[in-house]
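Please look through the structure below and read these notes beside it. They are numbered so that each can be taken up on its own.

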Amino acid sequence: MKKMHWIMPAIILLIGVFILVLNNYKDVTAVPSDSWTREVELATTSIQSNIKTTLNSNGSYNIYYFTDNGLVEGKYNESLELIDQSSYDIPYTKWTEVYPGDKNIVYADNEAMYQTESNEKISDIQEFIPLKNGMIYQWNDKIYYLEGNSLDKRLLIESVSKETLIDVYQPTATNTYIMLSDKQRNATEYRLLKWDGKNVTEIDQQTIELEPSLTLEELSFTVDNNQLSLFINAGPLDKHTYLPEDNYYFTQQKIGSPISLNPVPFNDPFSRNDLQNVKDIELDVKDGKSELLFRAKGSTETKYRDAVEYNVYKAVLNGQGKVDVTRLSNTPWLSKNPSWVSDDVVVWLDVTGDTNKLFAAGSTDLENLPESSLSKDTGFRIVGKTMVMLASGLLTLLVTIGWYVVPLGFIGIMTFGSNNALDKGKEWVFYTPALLYVAVALYFNEQLFSEKVISRLPAYLDFPGSPFILICAFGVITYLIMATTDLKERWSIPKRITYFVAVHISFLMIFVGPFIL
(Lines give C-alpha, C1' and ligand atoms only; values in the text may rest on other atoms or scores of the structure.)
Protein backbone atom coordinates (compact mmCIF):
# COMPACT_ATOMS: atom_id res chain seq x y z
CA MET A 1 0.00 0.00 0.00
CA LYS A 2 1.30 3.42 -0.97
CA LYS A 3 -0.03 5.01 2.24
CA MET A 4 1.61 2.57 4.68
CA HIS A 5 4.32 5.11 5.43
CA TRP A 6 1.55 7.22 7.00
CA ILE A 7 -0.53 4.42 8.47
CA MET A 8 2.31 2.73 10.38
CA PRO A 9 3.45 5.89 12.25
CA ALA A 10 -0.20 6.78 12.91
CA ILE A 11 -0.74 3.37 14.56
CA ILE A 12 2.30 3.88 16.80
CA LEU A 13 1.13 7.40 17.71
CA LEU A 14 -2.37 6.09 18.53
CA ILE A 15 -0.80 3.43 20.73
CA GLY A 16 1.08 6.21 22.52
CA VAL A 17 -2.15 8.18 23.05
CA PHE A 18 -3.93 5.04 24.32
CA ILE A 19 -1.12 4.36 26.81
CA LEU A 20 -1.32 7.99 27.96
CA VAL A 21 -5.11 7.71 28.47
CA LEU A 22 -4.64 4.46 30.40
CA ASN A 23 -1.91 6.05 32.53
CA ASN A 24 -4.16 9.06 33.25
CA TYR A 25 -7.02 6.75 34.18
CA LYS A 26 -4.76 5.09 36.75
CA ASP A 27 -3.67 8.49 38.09
CA VAL A 28 -7.17 9.98 38.33
CA THR A 29 -8.65 6.87 39.98
CA ALA A 30 -5.64 6.01 42.17
CA VAL A 31 -6.34 4.98 45.76
CA PRO A 32 -5.08 7.38 48.47
CA SER A 33 -2.70 4.74 49.82
CA ASP A 34 -2.23 0.98 49.77
CA SER A 35 -4.19 0.60 53.01
CA TRP A 36 -7.08 2.93 52.15
CA THR A 37 -10.01 2.84 49.72
CA ARG A 38 -11.13 5.46 47.23
CA GLU A 39 -13.78 8.00 48.19
CA VAL A 40 -17.51 7.20 48.20
CA GLU A 41 -19.96 10.07 47.78
CA LEU A 42 -22.54 10.25 50.59
CA ALA A 43 -24.32 13.55 49.95
CA THR A 44 -24.05 17.04 48.46
CA THR A 45 -24.49 20.44 50.10
CA SER A 46 -23.85 24.09 49.35
CA ILE A 47 -22.74 24.71 52.95
CA GLN A 48 -19.09 24.23 54.01
CA SER A 49 -19.90 23.20 57.58
CA ASN A 50 -18.14 21.03 60.10
CA ILE A 51 -19.17 17.39 60.13
CA LYS A 52 -20.32 15.62 63.31
CA THR A 53 -20.43 11.83 63.53
CA THR A 54 -21.53 9.15 65.98
CA LEU A 55 -20.86 5.41 65.89
CA ASN A 56 -23.79 3.32 67.08
CA SER A 57 -23.57 0.04 68.98
CA ASN A 58 -24.88 -1.93 65.96
CA GLY A 59 -22.05 -0.64 63.74
CA SER A 60 -24.16 1.96 61.90
CA TYR A 61 -23.16 5.62 61.61
CA ASN A 62 -24.93 8.93 62.15
CA ILE A 63 -23.43 11.77 60.12
CA TYR A 64 -24.54 15.38 60.65
CA TYR A 65 -23.95 18.23 58.20
CA PHE A 66 -25.65 21.45 57.12
CA THR A 67 -27.56 22.27 53.94
CA ASP A 68 -29.53 25.35 52.92
CA ASN A 69 -32.52 23.85 54.76
CA GLY A 70 -30.71 23.36 58.07
CA LEU A 71 -29.04 20.43 59.82
CA VAL A 72 -29.28 17.00 58.16
CA GLU A 73 -28.87 13.77 60.12
CA GLY A 74 -28.00 10.90 57.81
CA LYS A 75 -28.08 7.36 59.16
CA TYR A 76 -25.82 4.93 57.30
CA ASN A 77 -25.27 1.19 57.69
CA GLU A 78 -21.85 -0.48 57.84
CA SER A 79 -21.73 -0.43 54.02
CA LEU A 80 -22.22 3.37 54.04
CA GLU A 81 -25.68 3.00 52.50
CA LEU A 82 -28.21 5.66 53.54
CA ILE A 83 -31.00 4.01 55.56
CA ASP A 84 -32.73 7.07 57.05
CA GLN A 85 -32.49 10.83 56.99
CA SER A 86 -33.86 13.63 59.18
CA SER A 87 -33.71 17.40 58.94
CA TYR A 88 -33.72 20.07 61.65
CA ASP A 89 -34.51 23.74 61.19
CA ILE A 90 -31.25 25.18 62.51
CA PRO A 91 -29.90 28.44 61.02
CA TYR A 92 -26.31 28.12 59.87
CA THR A 93 -23.55 30.69 60.31
CA LYS A 94 -19.79 30.21 60.28
CA TRP A 95 -19.91 30.04 64.11
CA THR A 96 -22.60 27.34 64.31
CA GLU A 97 -21.70 24.25 66.39
CA VAL A 98 -23.93 21.27 67.14
CA TYR A 99 -24.23 18.71 69.91
CA PRO A 100 -26.15 15.75 68.39
CA GLY A 101 -27.52 13.91 71.44
CA ASP A 102 -29.88 10.94 71.69
CA LYS A 103 -32.70 13.00 73.25
CA ASN A 104 -31.68 16.57 72.52
CA ILE A 105 -29.90 18.31 69.70
CA VAL A 106 -28.31 21.52 70.95
CA TYR A 107 -26.81 24.13 68.66
CA ALA A 108 -24.82 27.27 69.35
CA ASP A 109 -23.84 30.41 67.47
CA ASN A 110 -21.30 32.99 68.61
CA GLU A 111 -23.60 34.35 71.34
CA ALA A 112 -25.85 31.62 72.77
CA MET A 113 -26.90 27.97 72.63
CA TYR A 114 -30.40 26.66 71.92
CA GLN A 115 -32.50 23.51 72.21
CA THR A 116 -33.45 22.55 68.66
CA GLU A 117 -37.07 21.35 69.03
CA SER A 118 -38.28 24.33 71.04
CA ASN A 119 -35.68 26.78 69.70
CA GLU A 120 -35.48 27.97 73.31
CA LYS A 121 -32.27 29.68 74.42
CA ILE A 122 -30.46 27.66 77.06
CA SER A 123 -27.71 30.11 77.94
CA ASP A 124 -25.51 32.86 76.65
CA ILE A 125 -22.03 31.61 75.83
CA GLN A 126 -18.51 32.64 74.88
CA GLU A 127 -17.24 29.12 74.15
CA PHE A 128 -19.08 25.90 73.17
CA ILE A 129 -17.43 22.46 73.04
CA PRO A 130 -19.59 19.38 72.24
CA LEU A 131 -18.58 16.10 73.94
CA LYS A 132 -19.86 12.50 73.93
CA ASN A 133 -22.79 12.89 76.36
CA GLY A 134 -22.98 16.63 76.81
CA MET A 135 -21.17 19.88 76.23
CA ILE A 136 -18.80 22.25 77.98
CA TYR A 137 -19.41 25.96 77.63
CA GLN A 138 -18.11 29.23 79.07
CA TRP A 139 -20.15 32.21 80.18
CA ASN A 140 -18.43 35.19 81.78
CA ASP A 141 -15.67 33.84 84.04
CA LYS A 142 -17.18 30.39 84.62
CA ILE A 143 -17.02 27.07 82.75
CA TYR A 144 -20.05 24.75 82.90
CA TYR A 145 -21.01 21.27 81.81
CA LEU A 146 -24.46 20.73 80.29
CA GLU A 147 -25.74 17.13 80.38
CA GLY A 148 -27.06 16.10 76.95
CA ASN A 149 -30.25 14.25 77.94
CA SER A 150 -31.50 16.20 80.95
CA LEU A 151 -29.93 19.55 80.01
CA ASP A 152 -28.90 19.92 83.65
CA LYS A 153 -26.14 22.46 84.23
CA ARG A 154 -23.11 21.95 86.46
CA LEU A 155 -20.42 24.45 87.39
CA LEU A 156 -16.91 23.11 86.78
CA ILE A 157 -14.39 25.97 86.98
CA GLU A 158 -14.53 29.57 88.19
CA SER A 159 -12.39 32.69 87.65
CA VAL A 160 -11.55 32.02 84.00
CA SER A 161 -10.53 34.97 81.87
CA LYS A 162 -12.39 35.67 78.64
CA GLU A 163 -9.00 35.59 76.85
CA THR A 164 -8.18 32.10 78.17
CA LEU A 165 -8.06 29.38 75.52
CA ILE A 166 -10.10 26.29 76.40
CA ASP A 167 -9.23 22.87 74.97
CA VAL A 168 -10.92 19.62 75.98
CA TYR A 169 -9.98 15.97 75.53
CA GLN A 170 -12.45 13.23 76.52
CA PRO A 171 -11.12 9.66 76.07
CA THR A 172 -14.12 8.16 77.90
CA ALA A 173 -17.50 9.46 79.02
CA THR A 174 -16.33 9.53 82.66
CA ASN A 175 -12.88 11.06 82.14
CA THR A 176 -12.60 14.58 80.79
CA TYR A 177 -9.42 16.67 80.64
CA ILE A 178 -9.60 20.45 80.35
CA MET A 179 -6.62 22.62 79.41
CA LEU A 180 -6.77 26.34 80.13
CA SER A 181 -4.08 28.33 78.29
CA ASP A 182 -3.06 31.96 78.65
CA LYS A 183 -0.78 33.33 75.94
CA GLN A 184 1.81 36.07 76.44
CA ARG A 185 3.91 36.69 73.32
CA ASN A 186 6.13 33.58 72.88
CA ALA A 187 5.17 32.00 76.24
CA THR A 188 1.94 30.14 77.04
CA GLU A 189 1.02 29.15 80.58
CA TYR A 190 -1.43 26.28 80.87
CA ARG A 191 -3.37 24.52 83.60
CA LEU A 192 -4.44 20.91 83.04
CA LEU A 193 -7.49 19.76 84.98
CA LYS A 194 -9.21 16.39 85.20
CA TRP A 195 -12.94 15.96 85.73
CA ASP A 196 -14.03 12.43 86.69
CA GLY A 197 -17.73 13.21 86.62
CA LYS A 198 -17.73 14.38 90.23
CA ASN A 199 -14.67 16.45 91.05
CA VAL A 200 -12.39 18.74 89.06
CA THR A 201 -8.71 18.36 89.99
CA GLU A 202 -5.69 20.26 88.70
CA ILE A 203 -3.03 17.73 87.65
CA ASP A 204 -0.45 19.92 85.92
CA GLN A 205 0.58 23.55 85.47
CA GLN A 206 3.47 24.63 83.26
CA THR A 207 4.70 27.22 80.77
CA ILE A 208 5.40 26.44 77.13
CA GLU A 209 8.33 28.48 75.88
CA LEU A 210 8.61 28.99 72.12
CA GLU A 211 11.37 30.74 70.18
CA PRO A 212 11.31 34.53 70.74
CA SER A 213 10.06 35.09 67.18
CA LEU A 214 7.07 32.72 67.50
CA THR A 215 3.71 32.73 69.26
CA LEU A 216 1.12 30.02 69.87
CA GLU A 217 -1.60 29.78 67.19
CA GLU A 218 -3.23 26.41 67.87
CA LEU A 219 -2.94 23.74 70.57
CA SER A 220 -4.22 20.17 70.80
CA PHE A 221 -3.58 17.65 73.54
CA THR A 222 -4.34 14.12 74.71
CA VAL A 223 -3.82 12.24 77.98
CA ASP A 224 -3.21 8.50 78.04
CA ASN A 225 -1.71 6.37 80.85
CA ASN A 226 -0.42 9.47 82.66
CA GLN A 227 1.28 10.60 79.43
CA LEU A 228 0.57 14.10 78.12
CA SER A 229 0.82 14.68 74.37
CA LEU A 230 0.91 18.24 73.04
CA PHE A 231 0.69 19.30 69.41
CA ILE A 232 1.34 22.98 68.74
CA ASN A 233 1.10 25.19 65.67
CA ALA A 234 3.13 28.35 66.16
CA GLY A 235 3.15 31.40 63.90
CA PRO A 236 5.50 34.39 63.64
CA LEU A 237 5.08 37.00 66.36
CA ASP A 238 5.68 39.69 63.76
CA LYS A 239 3.37 39.03 60.81
CA HIS A 240 5.62 41.06 58.49
CA THR A 241 8.64 38.76 58.80
CA TYR A 242 9.77 36.11 56.32
CA LEU A 243 9.27 33.29 58.84
CA PRO A 244 6.93 30.43 57.85
CA GLU A 245 3.30 30.98 58.81
CA ASP A 246 3.04 27.51 60.32
CA ASN A 247 5.61 25.86 62.62
CA TYR A 248 4.62 22.52 64.12
CA TYR A 249 5.85 21.02 67.39
CA PHE A 250 5.02 17.90 69.35
CA THR A 251 5.91 16.37 72.70
CA GLN A 252 4.83 13.24 74.55
CA GLN A 253 5.93 12.88 78.15
CA LYS A 254 4.83 12.10 81.66
CA ILE A 255 2.43 14.59 83.20
CA GLY A 256 4.40 17.07 85.28
CA SER A 257 7.67 16.65 83.39
CA PRO A 258 9.25 19.79 81.89
CA ILE A 259 7.96 20.53 78.40
CA SER A 260 10.45 19.73 75.63
CA LEU A 261 9.09 20.42 72.15
CA ASN A 262 10.31 18.71 68.97
CA PRO A 263 9.73 20.11 65.45
CA VAL A 264 7.34 18.01 63.37
CA PRO A 265 8.07 17.57 59.64
CA PHE A 266 5.03 16.47 57.62
CA ASN A 267 6.58 14.61 54.70
CA ASP A 268 4.45 14.14 51.62
CA PRO A 269 4.25 10.37 51.02
CA PHE A 270 3.92 10.95 47.25
CA SER A 271 6.65 13.52 46.63
CA ARG A 272 9.99 14.69 47.94
CA ASN A 273 8.42 17.80 49.48
CA ASP A 274 6.73 18.43 52.80
CA LEU A 275 2.99 18.87 53.12
CA GLN A 276 1.90 22.51 53.25
CA ASN A 277 -0.82 24.36 55.18
CA VAL A 278 -1.71 21.65 57.69
CA LYS A 279 -5.22 22.58 58.91
CA ASP A 280 -8.37 21.16 60.58
CA ILE A 281 -6.23 19.22 63.06
CA GLU A 282 -7.72 16.53 65.30
CA LEU A 283 -5.41 14.81 67.82
CA ASP A 284 -6.32 11.46 69.39
CA VAL A 285 -4.77 8.32 70.87
CA LYS A 286 -5.16 5.01 69.04
CA ASP A 287 -3.52 1.78 70.16
CA GLY A 288 -1.37 3.78 72.56
CA LYS A 289 -0.01 6.06 69.81
CA SER A 290 -0.72 9.74 69.20
CA GLU A 291 -2.44 10.21 65.86
CA LEU A 292 -3.33 13.35 63.94
CA LEU A 293 -6.16 13.66 61.45
CA PHE A 294 -5.82 16.75 59.25
CA ARG A 295 -6.02 18.20 55.79
CA ALA A 296 -2.99 19.56 53.97
CA LYS A 297 -1.78 20.58 50.53
CA GLY A 298 0.16 17.74 48.94
CA SER A 299 0.92 15.91 45.73
CA THR A 300 -1.88 14.38 43.65
CA GLU A 301 -2.08 13.15 40.05
CA THR A 302 -5.87 13.55 39.85
CA LYS A 303 -5.70 17.01 38.26
CA TYR A 304 -4.64 18.06 34.78
CA ARG A 305 -3.20 21.42 35.78
CA ASP A 306 -1.64 21.74 39.23
CA ALA A 307 -0.03 18.66 40.73
CA VAL A 308 -1.00 19.64 44.31
CA GLU A 309 -4.27 19.95 46.19
CA TYR A 310 -5.69 19.77 49.72
CA ASN A 311 -6.36 16.18 50.77
CA VAL A 312 -6.99 14.34 54.05
CA TYR A 313 -4.07 12.72 55.89
CA LYS A 314 -3.32 11.01 59.17
CA ALA A 315 0.02 11.06 60.95
CA VAL A 316 1.28 8.79 63.73
CA LEU A 317 3.63 10.72 66.03
CA ASN A 318 6.17 9.92 68.71
CA GLY A 319 7.96 12.12 71.19
CA GLN A 320 11.17 12.34 69.15
CA GLY A 321 9.60 14.17 66.20
CA LYS A 322 9.28 11.12 63.94
CA VAL A 323 6.14 11.14 61.81
CA ASP A 324 4.49 8.41 59.73
CA VAL A 325 2.09 10.10 57.27
CA THR A 326 -0.68 8.29 55.35
CA ARG A 327 -2.90 9.89 52.74
CA LEU A 328 -6.60 9.09 53.31
CA SER A 329 -8.15 10.92 50.34
CA ASN A 330 -7.04 11.54 46.76
CA THR A 331 -9.37 13.95 45.01
CA PRO A 332 -8.80 16.99 42.73
CA TRP A 333 -10.81 19.36 44.96
CA LEU A 334 -10.08 21.21 48.18
CA SER A 335 -10.79 18.77 51.02
CA LYS A 336 -11.67 20.13 54.46
CA ASN A 337 -13.29 19.34 57.82
CA PRO A 338 -12.22 15.67 58.12
CA SER A 339 -13.75 13.64 60.95
CA TRP A 340 -13.39 10.04 62.13
CA VAL A 341 -16.62 8.02 62.02
CA SER A 342 -14.83 5.01 63.47
CA ASP A 343 -11.23 3.84 63.75
CA ASP A 344 -11.44 2.66 60.12
CA VAL A 345 -13.73 5.18 58.39
CA VAL A 346 -13.25 8.91 57.82
CA VAL A 347 -15.60 11.51 56.30
CA TRP A 348 -14.81 14.94 54.89
CA LEU A 349 -16.15 17.69 52.64
CA ASP A 350 -14.78 18.51 49.19
CA VAL A 351 -15.30 22.08 47.97
CA THR A 352 -16.33 21.49 44.36
CA GLY A 353 -18.08 24.76 43.53
CA ASP A 354 -21.68 25.74 44.19
CA THR A 355 -22.40 22.18 45.31
CA ASN A 356 -19.92 20.56 47.69
CA LYS A 357 -19.55 16.81 48.15
CA LEU A 358 -19.58 14.82 51.39
CA PHE A 359 -17.22 11.87 50.98
CA ALA A 360 -16.24 8.85 53.05
CA ALA A 361 -13.38 6.38 52.74
CA GLY A 362 -12.15 3.50 54.84
CA SER A 363 -9.48 0.96 55.54
CA THR A 364 -9.00 -1.85 53.03
CA ASP A 365 -9.46 -4.24 55.96
CA LEU A 366 -13.20 -3.47 55.83
CA GLU A 367 -14.88 -5.86 53.41
CA ASN A 368 -18.33 -4.25 53.31
CA LEU A 369 -17.45 -0.80 51.98
CA PRO A 370 -18.77 -0.04 48.47
CA GLU A 371 -16.39 0.46 45.56
CA SER A 372 -16.07 3.92 44.09
CA SER A 373 -17.74 4.07 40.67
CA LEU A 374 -16.44 5.79 37.53
CA SER A 375 -18.49 8.99 37.33
CA LYS A 376 -18.95 11.42 34.44
CA ASP A 377 -16.76 13.89 36.27
CA THR A 378 -13.97 11.31 36.51
CA GLY A 379 -14.28 10.61 32.78
CA PHE A 380 -14.13 14.33 31.97
CA ARG A 381 -11.02 14.72 34.11
CA ILE A 382 -9.31 11.80 32.34
CA VAL A 383 -10.09 13.30 28.92
CA GLY A 384 -9.20 16.83 30.06
CA LYS A 385 -5.89 15.75 31.57
CA THR A 386 -5.01 13.83 28.39
CA MET A 387 -5.85 16.77 26.12
CA VAL A 388 -3.82 19.22 28.20
CA MET A 389 -0.84 16.85 28.26
CA LEU A 390 -1.00 16.29 24.51
CA ALA A 391 -1.16 20.06 23.98
CA SER A 392 1.91 20.52 26.16
CA GLY A 393 3.61 17.89 23.99
CA LEU A 394 3.69 20.44 21.18
CA LEU A 395 6.48 22.16 23.10
CA THR A 396 8.67 19.29 21.92
CA LEU A 397 8.92 21.12 18.57
CA LEU A 398 10.33 24.15 20.39
CA VAL A 399 12.76 22.50 22.83
CA THR A 400 14.23 20.22 20.12
CA ILE A 401 14.61 22.90 17.46
CA GLY A 402 18.38 22.58 17.66
CA TRP A 403 18.15 18.89 16.77
CA TYR A 404 16.47 19.22 13.38
CA VAL A 405 17.93 22.57 12.29
CA VAL A 406 21.31 20.88 11.71
CA PRO A 407 20.22 18.07 9.30
CA LEU A 408 17.75 20.30 7.47
CA GLY A 409 20.48 22.91 7.14
CA PHE A 410 22.80 20.25 5.71
CA ILE A 411 20.21 19.34 3.09
CA GLY A 412 19.76 23.03 2.27
CA ILE A 413 23.50 23.42 1.68
CA MET A 414 23.56 20.31 -0.51
CA THR A 415 20.53 21.54 -2.44
CA PHE A 416 21.84 25.00 -3.25
CA GLY A 417 25.53 24.15 -3.35
CA SER A 418 27.57 23.23 -6.39
CA ASN A 419 27.92 19.59 -5.31
CA ASN A 420 25.82 17.37 -7.54
CA ALA A 421 25.77 14.39 -5.14
CA LEU A 422 22.20 15.25 -4.24
CA ASP A 423 21.15 15.29 -7.88
CA LYS A 424 22.75 11.91 -8.44
CA GLY A 425 20.87 10.43 -5.47
CA LYS A 426 23.96 9.41 -3.54
CA GLU A 427 22.75 7.55 -0.41
CA TRP A 428 25.43 9.06 1.78
CA VAL A 429 23.59 12.35 1.31
CA PHE A 430 20.62 10.75 3.13
CA TYR A 431 22.55 8.86 5.83
CA THR A 432 24.82 11.75 6.75
CA PRO A 433 22.09 14.20 7.89
CA ALA A 434 20.04 11.36 9.37
CA LEU A 435 22.96 10.18 11.53
CA LEU A 436 23.89 13.79 12.23
CA TYR A 437 20.37 14.42 13.51
CA VAL A 438 20.48 11.38 15.83
CA ALA A 439 23.96 12.34 17.07
CA VAL A 440 22.85 15.90 17.87
CA ALA A 441 19.72 14.56 19.61
CA LEU A 442 21.81 12.19 21.75
CA TYR A 443 24.36 14.87 22.62
CA PHE A 444 21.75 17.50 23.51
CA ASN A 445 19.19 15.06 24.93
CA GLU A 446 18.80 17.15 28.10
CA GLN A 447 16.97 19.78 26.06
CA LEU A 448 14.01 17.38 26.10
CA PHE A 449 14.95 14.92 28.83
CA SER A 450 15.54 17.38 31.66
CA GLU A 451 15.59 16.20 35.29
CA LYS A 452 12.08 17.60 35.69
CA VAL A 453 10.78 15.62 32.70
CA ILE A 454 12.53 12.41 33.73
CA SER A 455 11.06 12.68 37.24
CA ARG A 456 7.57 12.85 35.70
CA LEU A 457 7.95 9.98 33.25
CA PRO A 458 5.81 6.92 34.00
CA ALA A 459 7.53 3.71 35.05
CA TYR A 460 7.45 2.20 31.55
CA LEU A 461 9.59 5.09 30.23
CA ASP A 462 11.75 5.71 33.29
CA PHE A 463 14.69 3.31 33.29
CA PRO A 464 18.51 3.68 33.24
CA GLY A 465 19.62 5.30 29.99
CA SER A 466 16.05 5.91 28.84
CA PRO A 467 16.84 9.16 26.92
CA PHE A 468 19.48 7.42 24.77
CA ILE A 469 17.44 4.25 24.29
CA LEU A 470 14.24 6.09 23.37
CA ILE A 471 15.98 8.40 20.88
CA CYS A 472 17.74 5.44 19.20
CA ALA A 473 14.70 3.14 19.33
CA PHE A 474 12.39 5.66 17.69
CA GLY A 475 15.12 6.34 15.12
CA VAL A 476 15.37 2.63 14.24
CA ILE A 477 11.57 2.30 14.07
CA THR A 478 11.32 5.30 11.74
CA TYR A 479 14.08 3.91 9.50
CA LEU A 480 12.40 0.48 9.34
CA ILE A 481 9.11 2.11 8.33
CA MET A 482 10.91 3.91 5.51
CA ALA A 483 12.74 0.73 4.44
CA THR A 484 9.59 -1.43 4.34
CA THR A 485 7.50 1.12 2.41
CA ASP A 486 9.96 1.66 -0.49
CA LEU A 487 10.29 5.39 0.07
CA LYS A 488 13.84 5.14 -1.27
CA GLU A 489 12.54 4.47 -4.77
CA ARG A 490 9.59 6.86 -4.64
CA TRP A 491 10.84 9.94 -2.74
CA SER A 492 13.73 12.34 -3.16
CA ILE A 493 16.45 12.55 -0.50
CA PRO A 494 15.31 15.93 0.95
CA LYS A 495 11.77 14.59 1.29
CA ARG A 496 13.01 11.40 3.00
CA ILE A 497 15.17 13.36 5.46
CA THR A 498 12.25 15.65 6.31
CA TYR A 499 10.01 12.58 6.82
CA PHE A 500 12.61 10.87 9.07
CA VAL A 501 12.98 13.93 11.30
CA ALA A 502 9.24 14.71 11.40
CA VAL A 503 8.18 11.16 12.32
CA HIS A 504 10.94 10.80 14.92
CA ILE A 505 9.98 14.12 16.56
CA SER A 506 6.29 13.08 16.46
CA PHE A 507 7.06 9.87 18.38
CA LEU A 508 8.91 11.84 21.06
CA MET A 509 6.13 14.45 21.13
CA ILE A 510 3.47 11.80 21.95
CA PHE A 511 5.47 9.54 24.26
CA VAL A 512 7.67 12.08 26.11
CA GLY A 513 6.26 15.53 25.29
CA PRO A 514 3.16 15.27 27.55
CA PHE A 515 5.45 15.31 30.59
CA ILE A 516 7.26 18.58 29.74
CA LEU A 517 4.90 20.70 31.89
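1. Asp 280 counts as partly exposed, because its relative accessibility is 27%; here buried means under 20% relative accessible area, exposed over 50%, and partly exposed in between, with a 1.4 Å probe and protein chains only. Asp 280 is not a glycine, yet its phi is positive, at about 50°. Asp 280 sits in strand β22. Helices (DSSP runs of H or I, at least four residues) and strands (runs of E, at least two) are numbered from the N terminus.

2. The model is predicted, so local features need pLDDT of at least 70 and side-chain atom pairs count only at pLDDT 80 or more, while totals for chains, interfaces and linings use all residues. Residues are numbered from 1 along each chain as its sequence is written, and side-chain values use heavy atoms, with hydrogens and water left out.

3. Is Asp 287 buried or exposed? Asp 287 counts as exposed, because its relative accessibility is 80%. Asp 287 also has a positive phi, of about 55°, without being a glycine. Its place is in the loop between β22 and β23.

4. β22 belongs to an open sheet of four strands, in the order β22-β23-β24-β25, with antiparallel pairing; two strands pair if DSSP finds at least two bridges between them. β22 (276-286) and β25 (323-327) are the edge strands, and each pairs on one side only. Neighbouring strands of this sheet are turned by 25° against each other on average, direction ignored; axes are lines fitted to C-alpha atoms, for helices over the stretch in contact, and angles run from 0 to 180 degrees between N-to-C directions.

5. Within that sheet, β24 (residues 308-317) and β25 are joined by five bridges in the antiparallel sense. Leu 317 stands opposite Val 323 in β25.

6. A further open sheet of four strands runs in the order β6-β7-β8-β9, again with antiparallel pairing. β6 and β9 (120-124) are at the edges with a single partner strand each, so one side of each has no neighbour in the sheet. The twist from one strand to the next averages 20°. β6 and β7 (residues 105-108) pair over four antiparallel bridges, and Ala 108 in β7 is the bridge partner of Glu 97.

7. Now the empty space. Rolling a probe the size of a water molecule over the atoms shows where such space is left. How many cavities of 30 Å³ or more does the structure hold? The structure holds two. A cavity is a set of points, on a 1 Å grid over the protein atoms alone, where a 1.4 Å probe fits but cannot get out; a pocket is an open set with protein on both sides within 12 Å along at least five of seven lines; lining residues have an atom within 4 Å of a point. Grid points are joined across faces, edges and corners, and a volume is the space filled by probe spheres set on the points.

8. The largest cavity has about 70 Å³ of space. Its lining includes Asn 50, Lys 52, Tyr 64, Glu 97 and Val 98. β3 (61-67) and β6 (97-100) each give two or more residues to this lining, and β3 gives the largest share, three residues. By class there are five nonpolar, two polar and two charged residues; Ala, Val, Leu, Ile, Met, Phe, Trp, Tyr, Cys and Pro count as nonpolar, Asp, Glu, Lys and Arg as charged, and the others, Gly among them, as polar.

9. The second largest cavity has about 40 Å³ of space. Among the residues that line it are Gly 16, Ile 19, Tyr 460 and Phe 511. α1 and α9 (493-511) each supply at least two residues, and the largest share, three residues, comes from α1. This lining has seven nonpolar residues, one polar and no charged ones.

10. The second largest pocket has about 1200 Å³ of space. Of its 38 lining residues, the closest to its centre are Ser 299, Glu 301, Ala 307, Ser 455 and Arg 456. α1 (4-28), β23 (289-299), α2 (376-392) and α6 (451-456) each supply at least two lining residues. The lining divides into 13 nonpolar, eleven polar and 14 charged residues.
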